Amino acid sequence: MDLTAHGGGRTATASAPLVVKPWIPAAILFAATATFAIGSTWDIQWHADVGPDTFFTLPHLFIYASAAVAGFTGLAVILHTTAAGRAGREVDPALGGPGIGVFGRTFTAPLGYLVAALGAASFLLYGLWDLWWHSLYGFDAVIDSPPHIGLFLSSTVISVGTVIVFAAARGQRWGEIGALVSLAHLLTSSTVTALAVQRLSQGTVRWTVAVTAFMAILLLIAGAAFRRGGATGVAVFASAIQGVFWWFAPWAARAYADVVGLPLREHIRSIPTTPALIPFCLIPVGIVLDLLLRRTTAPARLLPLLAGAIGGAIIAVLSFEQNTLIYDAHWPLSSIVTGTTIAGAVLGALGGFLGHRFGAMLRLTAPAPEVHA
């Protein structure tokens, strides 16, 4: 059978390596991000239900394995596309998006895998910092330590690369669905990063709530800009992820504590720490965003800002009711509710603007459907 492909004026013969199916490395990359979600959710719950930990724990193994898998996957695809280009073979444009020349075009890196590989490299550097942090201070008592925030930011970069990888194949069903699921995963995991500003929440604004609203709106509207009904789709997938981890987190912490022979904290309520950070109202907010972006008569360039502001305000004000349901907390002073809602609306508007641009960029990674349309 003649396996020929044309590119660069030369022809590859049947002896050339087989072309990589785009969905295979995409699935591996998504599995890596899912592994990080499992490890980080498990680790955060461990801090809440058991206490401090060392560097060498099973949840940490999941976390660092995820970065290793993502990094090697990105490197393998980059080397594959580079070799294909030098041999004059065409590369499927669904394999990670447009090629980017690296080091003076020494390498040709698909955009999505380049972003993921850079995130993995950054993750390694922050991992070394975390190892030094543990060697200096011993047990890790808090989740929002500087190296931990750096690790979460690096994981966010890997997840952004994963979204781009799937978006590049939006002409195929697996690519379109994978992009929405990856956006949902990015939304659920990014709420942890908001903990970086929790020490600022001493005045009339709960900044963790406002930043959570910003990131949620950004990714929901990115989904809406990527495809019709995308905000609702992202919200549904994110809520499903939240539901799975709501069960998994307390169970994993308790089971691992039993294995290693450590007791749980006294009087714990086993509240799922990470899932509790994710807004409960994502699905109705996603529906509202899709309706606003499709039906309102406001100027098109103002739609994302208007929708983002409304969605951010909804997430912010309902966060206090969510705390009441989960922690039996009381609503704070009206000045705090007002200040946080305004901050959520302002950051939500910014998230709407950036999310719309991000969603439009995702569409451009796979221009073929637009051309045929």
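The following legends describe close-up views of a predicted model.

Local features require a pLDDT of at least 70 and side-chain atom pairs a pLDDT of 80 or more, whereas totals for chains, interfaces and linings use all residues of this predicted model. Residues are numbered from 1 along each chain as its sequence is written, and side-chain values use heavy atoms, with hydrogens and water left out.

**View 1. Edge-to-face pair of Phe-245 and Phe-248.** The whole structure contains 15 aromatic pairs (rings of Phe, Tyr and Trp, the last by its six-membered ring, with centres within 6.5 Å; planes under 30 degrees apart are stacked, over 60 edge-to-face and the rest tilted). Among them, Phe-245 and Phe-248 are edge-to-face, at 6.0 Å centre to centre and 70° between the planes. Because these two residues are 3 apart in helix H7 (residues 230-260), about one helical turn separates them (helices are DSSP runs of H or I, at least four residues, numbered from the N terminus). Phe-245 and Phe-248 are both buried (buried, under 20% relative accessible area; exposed, over 50%; partly exposed, in between; 1.4 Å probe, protein chains only).

**View 2. Stacked pair of Trp-247 and Trp-251.** The ring centres of Trp-247 and Trp-251 lie 5.6 Å apart with planes at 15°, so the pair is stacked. The two residues are 4 apart in helix H7, which places about one helical turn between them. Trp-247 is exposed, at 55% relative accessible area, while Trp-251 is partly exposed at 47%. One aromatic cluster includes Trp-247 and Trp-251 together with Phe-245, Phe-248, Trp-42, Trp-46, Phe-62 and Tyr-256.

**View 3. Arg-170 and helix H6.** Arg-170 sits over the face of Phe-226, 5.4 Å from the ring centre (criterion: NZ of Lys or CZ of Arg within 6 Å of the ring centre and within 35 degrees of the ring normal). Helix H6 (residues 207-226) spans 28 Å from first to last C-alpha over its 20 residues, close to the expected 28 Å (1.5 Å times one less than the number of residues). Of the 20 residues of H6, 17 are buried, so the helix is largely enclosed by the rest of the structure.

**View 4. Nonpolar surface patch.** Trp-23, Ile-24, Ile-28 and Val-69 make a nonpolar patch of about 350 Å² (residues with over 30% relative accessible area and no salt bridge, nonpolar side chains being joined within 5 Å; areas by the Shrake-Rupley method with a 1.4 Å probe; salt bridge, a side-chain nitrogen of Lys or Arg within 4 Å of a carboxyl oxygen of Asp or Glu). Helix H1 (residues 23-49) gives the most to this patch, with 3 residues. Val-69 belongs to helix H2 (residues 58-86) and is partly exposed at 37% relative accessibility.

Methods: Patches are made of residues with over 30% relative accessible area and no salt bridge: like charges are joined within 9 Å, nonpolar side chains (Val, Leu, Ile, Met, Phe, Trp, Tyr) within 5 Å.
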